[in-house]
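I have kept to what can be computed from the coordinates.

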Amino acid sequence: PTGTGTLQALRRRVIAKLGLRDLSEDTIQKDIEQFRPLLRLVREGGNTPSGQIINKQKTISKKTRQEMEAGKRAISKTAAASKPDAI
């Protein structure tokens, strides 16, 4: 519940990704604290500090939306094909 394990894992990944020698958990925690309001805005939909309105549906590109729909169709076809025929 305290998030200690998550912070440690995040710290290790950031160190590996950026090639740093060390990074304190306090630094990670402070960075997360600074991002929380922005993440809340994105989750709830609203204005960013720059004034741009965030709308979840508009942030998805047309190509991504098409790929999502194609994925749904493929899953339903697979599910329909795997059902035994009714007698």
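Predicted model: local features only at pLDDT ≥ 70, side-chain atom pairs only at ≥ 80, totals over all residues.

1. Residues are numbered from 1 along each chain as its sequence is written, and side-chain values use heavy atoms, with hydrogens and water left out.

2. The protein has 4 helices and 0 strands, the elements running α-α-α-α from the N terminus on; helices (H or I, at least four residues) and strands (E, at least two) are DSSP runs, numbered from the N terminus.

3. Of the 87 residues in the protein, 9% are buried, where buried means under 20% relative accessible area, exposed over 50%, and partly exposed in between (1.4 Å probe, protein chains only).

4. A search of the whole structure finds 1 salt bridge, defined as a side-chain nitrogen of Lys or Arg within 4 Å of a carboxyl oxygen of Asp or Glu. Asp22 forms a salt bridge with Arg11, with the closest N and O atoms 2.7 Å apart. This pair links distant parts of the chain, 11 residues apart, with Asp22 in the loop between α1 (4-18) and α2 (25-44) and Arg11 in helix α1. Asp22 is exposed, at a relative accessible area of 53%, whereas Arg11 is partly exposed, at 23%.

5. Glu25 lies in helix α2 and is partly exposed, with a relative accessible area of 28%. Leaving aside neighbours within four places in sequence, Glu25 is in contact (heavy atoms within 4.5 Å) with Leu7, Gln8 and Arg11.
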